[in-house]
Amino acid sequence: MDIHNTNEDFVVQAVQKIFDEIQQNGNPEKTCLCYQCRIDTICYTLNRIEPNYIVSNRGFTRIDTFSIKNQQLEADITTLIYKGLRLVSHNMRPTAPHDGSTMVPTRVLLPLYDIPTISGRIFNGISFEPITDIDVTLFCEGEIVKMRNNNWQNPFKMIQSTPGAFSFWPAPVTADIPETTKEFKYILKVESADYETLSHFFSLTSTSKFHTPHSYALNRTYKLPDLYLFPPGGDEEEEIILIS
């Protein structure tokens, strides 16, 4: 479906303009202007304004950029951006380089196997409560799977704010030629002194293409069945093979 949030365009443009102006003025407050902090500021702002969706060019032409409503929206967006950039600058992601880069990372045109996001849930097999405070690791062919970018971690630390839920977004894998299909065999492993080791086996197939999606999409998520951990001495280690 071709649905577009026009307010996203406004926010992206406004963030780029404000960050560029800060840089041009010498950045007296030493605000981080890297690509990751720009993205985080955009997300902060978008999460605090109402979306404005259109489905056609007719809808786009109805947007009156000179209306009083949009002037107020622009003022609200600007206020949120400045608040967001201050918060982001004081709470910079430890996984991003923050090297001062202001450019979007270069994307090389190569045939790639694109892997969807992988998500699931883990529960205590005795109490059926969601598991927290453990690490979940994704392996492929004996190696820890590299993630799409620094915002996705492997191992994934299960915490209170996302009880029982984990997710991974593997990086695309380079292919020799396009239009070839390959099976990727994964192992999801949990090792903890409080539970029996869990190893969950599954596989995904992907066809190599020159174009690969670069943004998260819920309809491209591979959802695993619910998994359960048991205390030591309980049920044997679980090994489930799923073939997509």
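Throughout this tour, a residue is called buried when its relative accessible area is under 20%, exposed when it is over 50%, and partly exposed in between, using a 1.4 Å probe and protein chains only. The structure is a predicted model, in which local features need a pLDDT of at least 70 and side-chain atom pairs count only at pLDDT 80 or more, while totals for chains, interfaces and linings use all residues. Residues are numbered from 1 along each chain as its sequence is written, and side-chain values use heavy atoms, with hydrogens and water left out.

**Confidence**

Begin by colouring the chain by pLDDT, the predictor's confidence in each residue on a scale from 0 to 100. The chain averages 83, and 80% of the residues score at least 70. Select residues 57–61, where pLDDT stays under 50 and the model has three contacts (heavy atoms within 4.5 Å) beyond four places in sequence. Then select residues 235–244, where the pLDDT is also below 50, although this stretch has 31 contacts in the model beyond near neighbours in sequence.

**The nonpolar cores**

A nonpolar core is here a set of buried Ala, Val, Leu, Ile, Met, Phe, Trp, Tyr and Cys residues joined through side-chain atoms within 4.5 Å. Select Ile-122, Tyr-186, Leu-188 and Phe-202, which have the most contacts inside the largest such core, a set of 28 residues. Helices (H or I, at least four residues) and strands (E, at least two) are DSSP runs, numbered from the N terminus. The elements that give two or more residues to this core are β4 (117–124), β5 (135–140), β8 (165–168), β10 (181–192), β11 (195–207) and β13 (227–229). Moving on to Ile-18, Leu-33, Leu-80 and Leu-85 brings up members of a second, separate core of 15 residues. In soluble globular proteins, nonpolar side chains tend to be buried together.

**The hairpin of β10 and β11**

Show β10 and β11 as a cartoon next; they form a hairpin with two residues between them. Strands are taken to pair if DSSP finds at least two bridges between them, and here eleven bridges join the two antiparallel strands β10 and β11. To follow one of these, select Lys-185, whose bridge partner in β11 is Ser-203.

**Salt bridges**

A salt bridge is counted when a side-chain nitrogen of Lys or Arg lies within 4 Å of a carboxyl oxygen of Asp or Glu, and a search of the whole structure finds five. Select Arg-93 and Asp-40, whose closest N and O atoms are 2.9 Å apart. Arg-93 sits in the loop between α4 (68–90) and β3 (112–113), whereas Asp-40 belongs to helix α2 (residues 35–46), 53 residues away in the chain. Arg-93 is partly exposed at 33% relative accessible area, while Asp-40, at 13%, counts as buried.

Leaving aside neighbours within four places in sequence, Gln-36 is in contact with Arg-93, Ala-96 and Asn-151.

Next, select Arg-121 and Asp-226, whose side chains meet in a salt bridge at 2.7 Å, N to O. Arg-121 is in strand β4 and Asp-226 in the loop between β12 (221–223) and β13, 105 residues apart.

For another pair, select Lys-209 and Glu-179, which meet at 3.5 Å, N to O. Lys-209 lies in the loop between β11 and β12, and Glu-179 in the loop between β9 (173–174) and β10. Lys-209 counts as partly exposed at 40% relative accessibility, whereas Glu-179 is exposed at 55%.

**Aromatic pairs**

Rings of Phe, Tyr and Trp (its six-membered ring) pair if their centres lie within 6.5 Å, with planes under 30 degrees apart counted as stacked, over 60 as edge-to-face and the rest as tilted. The count comes to eight aromatic pairs. Select Phe-156 and Phe-168: their ring centres are 6.2 Å apart and their planes at 70°, so the pair is edge-to-face. Phe-156 is in strand β7 (residues 156–157) and Phe-168 in strand β8; Phe-168 is buried, at 0% relative accessibility.

Finish by selecting Phe-123, Phe-128 and Tyr-228, which form one aromatic cluster.
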